[in-house]
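Biologist: Hi, I have a new model open and would like a walk through it. Can you help me find my way around?

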Amino acid sequence: MTGPMTRPMTRALPRFAAPLALGLVLAGLSLPEVAGALVRALGLQAGAPVPAGRLAWLARHHLVLALGGFLLAGGAGLALGILATRAAGASLRTSLDTLAAAAQAAPPVVVVALALPVLGFGAPPILLALAAYGLMPVMRGTAGALATVPEEVRAAATAMGLTPAQTLLRVELPLAAGPILEALRVVLVLAVATAAVGALAGAQTLGTPIVVGLQTQNTLALVQGAAAAASLAFLADAAWLMAASALGRRLSP
């Protein structure tokens with residue numbers, strides 16, 4: 001007879017396990033041999049494959065571009081979210097919300113197309129699109145998280161002699177860190193997933209095989225590019241979750 005004390009303990013999988021597994025599976029699918037076998041098995045037209053070395057080179061450029069857009073969106077979103085919760089910027093909250101919503105309402109492809117005549121081809125248009133697309137989640141996440149900090153905590157910090165800037169850095173932001181980091185995680189994944197549209201502006205990303213595949217009816221290149229882009233997004237999510245988990249263990253008593 002087995003009772004509650006003798007049942008085997010089951011340990012929940014870490015949060016990063018699922019995106020890590022999906023990322024690795026999709027990375028395998030993007031390899032020329034695997035993607036080629038899948039395309040042939042489905043009876044689709046297969047053209048010339050993208051060599052694994054070329055795919056890795058595109059992935060590095062894709063990631064650099066995505067991280068650039070993430071840093072722009074994260075930095076601007078944090079700054080505007082903090083501003084919206086300060087006394088000096090409280091009157092601007094509605095305007096900032098409207099601005100962020102309008103920036104995200106325009107699809108990145110549209111932003112890239114509109115920016116091309118001004119910024120030219122290459123990285124600048126897609127960086128602008130990524131920054132605009134990721135602005136709202138970070139700004140609203142930051143403002144919402146800071147708004148949950150009890151007023152009594154701020155008053156206690158002031159009574160201890162902390163300046164407003166010190167209160168923000170030492171008290172408010174640490175207490176609001178959880179929701180802010182979650183918003184940044186969402187924006188990171190969005191940036192990595194969306195950076196593929198940079199190929200439309202001539203940037204070298206994992207969207208390049210997708211565009212080439214569509215233009216030349218090369219289903220194999222299209223599948224490789226799509227699988228690699230999705231893999232990079234899942235792996236970025238897993239990396240963020242692993243870092244957050246390691247940081248949480250280090251900070252826990």
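Modeller: Happy to, and keep in mind that this is a predicted model. A place to begin is Leu42, which is found in the loop between α2 (32–41) and α3 (52–85).

Biologist: Is Leu42 buried or exposed?

Modeller: Leu42 counts as exposed, because its relative accessibility is 56% and the cut-off for exposed is over 50%.

Biologist: And which residues make the nonpolar surface patch there?

Modeller: Leu38, Leu42 and Leu44 make that patch, and its area is about 270 Å².

Biologist: Let's zoom out. How many helices and strands are there in the protein chain?

Modeller: The protein chain has eleven helices and zero strands. Its C-alpha atoms fill a box of roughly 75 × 70 × 25 Å along the principal axes.

Biologist: What share of the residues is buried?

Modeller: Of the 253 residues in the protein chain, 38% count as buried. The protein chain exposes about 13,700 Å², and carbon and sulfur atoms supply 72% of that area.

Biologist: What about contacts between residues at least 24 apart?

Modeller: If you take the contacts between residues at least 6 apart in sequence, 76% of them join residues at least 24 apart.

Biologist: Now charges. How many salt bridges are there?

Modeller: The count comes to seven salt bridges. One of the pairs is Glu182 with Arg15, at 3.7 Å from N to O. Glu182 lies in helix α9 (residues 177–194) and Arg15 in the segment before α1 (17–29), so this pair ties together parts that are 167 residues apart in sequence.

Biologist: How accessible are Glu182 and Arg15?

Modeller: Glu182 counts as partly exposed, with 32% relative accessibility. Arg15 is exposed, with a relative accessible area of 54%.

Biologist: What other partner does Glu182 have, and how far apart are the closest N and O atoms?

Modeller: Glu182 also forms a salt bridge with Arg185, where the closest N and O atoms are 2.6 Å apart. Both residues lie in helix α9, three residues apart, about one turn of the helix. Arg185 counts as buried, at 16% relative accessibility. Salt bridges with shared partners join Arg15, Glu182, Arg185 and Asp237 into one network.

Biologist: Why would residues three places apart point the same way?

Modeller: An α-helix has 3.6 residues a turn, so residues three or four places apart point the same way.

Biologist: I was also looking at Glu172. Which residue does Glu172 meet in a salt bridge?

Modeller: Glu172 meets Arg86, at 3.0 Å from N to O. This pair links distant parts of the chain, with Glu172 in helix α8 (residues 164–175) and Arg86 in the loop between α3 and α4 (93–105), 86 residues apart. Glu172 is buried at 2% relative accessible area, while Arg86 counts as partly exposed at 22%.

Biologist: Stay on α8 for a moment. Which of its residues are buried?

Modeller: The buried residues of α8 are Thr167, Leu168, Val171 and Glu172. Looking down the axis of α8, you find its buried residues within an arc of 130°, so they line one face of the helix. The face turned away from that buried side carries the exposed residues Leu169 and Arg170.

Biologist: What do the buried residues of α8 pack against?

Modeller: They pack against α3, α6 (123–147) and α7 (151–159). As for its span, α8 has twelve residues and reaches 15 Å from its first C-alpha to its last, close to the 16 Å expected.

Biologist: Change of topic: where is Pro209, and what is it in contact with?

Modeller: Pro209 is found in helix α10 (residues 207–216) and is buried, with a relative accessible area of 5%. Leaving aside neighbours within four places in sequence, Pro209 is in contact with Val50, Leu55, Leu58, Ala221, Leu222 and Gly225. The C-alpha atoms of Pro209 and Leu220 are separated by 9.1 Å, and the two residues are eleven apart along the chain.

Biologist: Last one: what does Ser231 touch?

Modeller: Ser231, in helix α11 (residues 219–251), touches Gly23, Leu26 and Ala27, not counting residues up to four places away in sequence. Ser231 is buried, with a relative accessible area of 4%.

Methods
Residues numbered from 1 in each chain as written. Predicted model: local features only at pLDDT ≥ 70, side-chain atom pairs only at ≥ 80, totals over all residues. Heavy atoms only, no water. Patch = residues over 30% accessible without salt bridge, like charges linked within 9 Å, V, L, I, M, F, W, Y side chains within 5 Å. Areas by Shrake-Rupley, 256 points an atom, 1.4 Å probe, with all protein chains shown as cover. Salt bridge = Lys/Arg side-chain N within 4 Å of Asp/Glu carboxyl O. Helix = DSSP H or I, 4+ residues; strand = E, 2+ residues; numbered from the N terminus. Buried < 20%, exposed > 50% of the residue type's maximum accessible area, 1.4 Å probe, protein only. Expected span 1.5 Å × (residues − 1). Arc of directions from axis to C-beta. Contact = heavy atoms within 4.5 Å.
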